[in-house]
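Please go through the model below one region at a time.

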Amino acid sequence: MSSEVRKVICVGGGPAGLYFAILMKLRDPSCDISVFERDPAGSTYGWGVTYWGSLLDRLYENDRESARAIGEASVRWHDGMALIGGRTTTHRGDEGFGIGRHRLLGILADRAIALGVRVEFEREILGEVPDADLVVAADGVNSPLRGRHDFGTEVATGGNTYIWLGTTKVFDAFTFAFVETEHGWIWCYGYPFDDERSTCVIECAPATWRGLGLDRADEAGNLELLDRLFVDLLDGHRLIGRGQGVAQWLRFRTVTNRTWHRGNLVLLGDAAHTTHYSIGAGTTLAIEDAIALAGAIERHPALAPALAAYALERKAALLPVQSAARYSARFYEDLPRYLRLEPAQMFALLGQRHSPLLSYMPPRLYYRLDRAASRLEALRKIKRRAGHWIAGSLQSLSG
């Protein structure tokens, strides 16, 4: 463990900040660690979060006690299901997990406190960087700490509008529903996170949002209209707003930073980067940041090279994820070009939405190519190389 790090302050009590505090305390119980969270205890936004088996494996590698509690509090599914214009298709997939965000944060906060971490709620840091050997800015996409310093931050705003809701309908698969209206398509991603509730993320193009009057309705009016639109999906259940505050329509903001650390201040989780919610990786990436930062500090005797190593490692790991997220967001922004396919074909392309090739080929042609490539190794290699060439060309142009 770096001899320079004896006092740590984590600003932000989300998964990234709490898990980093846990890992640091496990590595060095004598380290003085505090987590400052601006919201009251038990208060959180959102409903449930998703993750995959690879994250649970990593949690067990780093802290078996919190991993066991998270695994036991999670629900699991294997299937993916899509409702497209009244027709249904189902595909078998990898095992997925859902857990309530409130439950996840409770597990991590309890574990941190049990290890001796001070977790202070309703403690907001807006001014100067607190006095500590290491200050971790894990304070979210709108990070006040990041905003006070030049990290080379860039924010790209997506085209579609979305809203994060809950429902008492418990889905038994990761479920997509696509509904056509006179103003265009609107769709939902739904997944369970406990035995009584599921998350529903609803998305549409701005023209559809305005045409349906969702831009003018209050929360109750939004929920009433969305209940009607997704009546087949909800099966008699209702959509639920935030409960604390008002559920808002948003446009996703992709945050990147040229550098992730300034002096003893380092960015973690959404403060450092965001990836489009349609790939379901936000919580996983935040926790992987925490693992990488704690590991870098353990390996390096001085803080500066530890922070540099952390940033280098995580930026490299994020490149393919951020690429997949960009293509996934583009797929949904171009969704009408895919929705005239047969449901099984559309669902197959939904699973291919991370491909650089998809948006450059007619959907039916891409579907036939993908089916053929699944049987012919030579064609699979050509498809992969073409995708890499397009991705590399686009990266060069953007650079």
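Thr89 counts as buried, because its relative accessibility is 11% and buried means under 20% relative accessible area, with exposed over 50% and partly exposed in between (1.4 Å probe, protein chains only). Thr89 sits in strand 5, residues 87–100. Helices and strands here are DSSP runs (H or I of at least four residues for helices, E of at least two for strands), numbered from the N terminus. Leaving aside residues up to four places away in sequence, Thr89 touches Gly80, Met81, Ala82, Pro343, Ala344 and Phe347. A contact here means heavy atoms within 4.5 Å.

This is a predicted model, in which local features need pLDDT of at least 70 and side-chain atom pairs count only at pLDDT 80 or more, while totals for chains, interfaces and linings use all residues. Residues are numbered from 1 along each chain as its sequence is written, and side-chain values use heavy atoms, with hydrogens and water left out.

Now the chain as a whole. Its secondary structure comes to 13 helices and 16 strands. The radius of gyration of the protein chain, 22 Å, is close to the 21 Å that the globule rule gives for 399 residues, so the chain is as compact as a globular protein of that length. The radius is taken over C-alpha atoms, and the rule is 2.2 Å times the number of residues to the power 0.38. Along the principal axes, the C-alpha atoms fill a box of roughly 60 × 50 × 35 Å. Buried residues make up 52% of the 399 residues. Of the contacts in the chain with a separation of 6 or more, 71% are between residues 24 or more positions apart.

Which helices pack against helix 9? One of them is helix 1 (residues 15–27), whose axis comes within 8 Å of that of helix 9 and crosses it at roughly 30°. Axes are lines fitted to C-alpha atoms, for helices over the stretch in contact, and angles run from 0 to 180 degrees between N-to-C directions. Helix 1 is therefore roughly parallel to helix 9; angles under 35 degrees count as roughly parallel, over 145 as roughly antiparallel, 65 to 115 as roughly perpendicular and the rest as oblique. The crossing of helix 1 past helix 9 is right-handed. A crossing is right-handed if the near helix is turned clockwise from the far one by less than a right angle, and left-handed if anticlockwise. Residues making this contact include Tyr19, Phe20, Leu23 and Met24 of helix 1 and Ala286, Ile287, Ala290 and Ile291 of helix 9. By class, the residues of the contact of helix 1 with helix 9 divide into 13 nonpolar, 2 polar and 2 charged. Ala, Val, Leu, Ile, Met, Phe, Trp, Tyr, Cys and Pro count as nonpolar, Asp, Glu, Lys and Arg as charged, and the others, Gly among them, as polar.

Helix 2 (residues 53–62) also meets helix 9 (residues 282–299), with axes that come within 11 Å and cross at roughly 30°. These two helices are therefore roughly parallel to each other, and helix 2 passes helix 9 in a left-handed crossing. Leu55, Arg58, Leu59 and Asn62 of helix 2 make the contact with Thr284, Ile287, Glu288 and Ile291 of helix 9. The contact of helix 2 with helix 9 has 4 nonpolar, 2 polar and 2 charged residues.

A further pair is helix 3 (residues 64–73) and helix 4 (residues 101–115), which pack at an angle of about 160° with their axes 10 Å apart. That angle makes helix 3 roughly antiparallel to helix 4. Helix 3 passes helix 4 in a right-handed crossing. Glu65, Ser66, Ala69, Ile70 and Ala73 in helix 3 meet Arg103, Leu104, Ile107, Leu108 and Arg111 in helix 4. This contact of helix 3 with helix 4 has 6 nonpolar, 1 polar and 3 charged residues.

Most residues other than glycine have a negative phi. Glu122, not a glycine, has a positive phi of about 55°. Glu122 lies in the loop between strand 6 (118–121) and strand 7 (134–137) and counts as exposed at 61% relative accessibility. Asp235 also has a positive phi, near 55°. Asp235 is in the loop between helix 8 (231–234) and strand 13 (239–240), and is exposed, with a relative accessible area of 55%.
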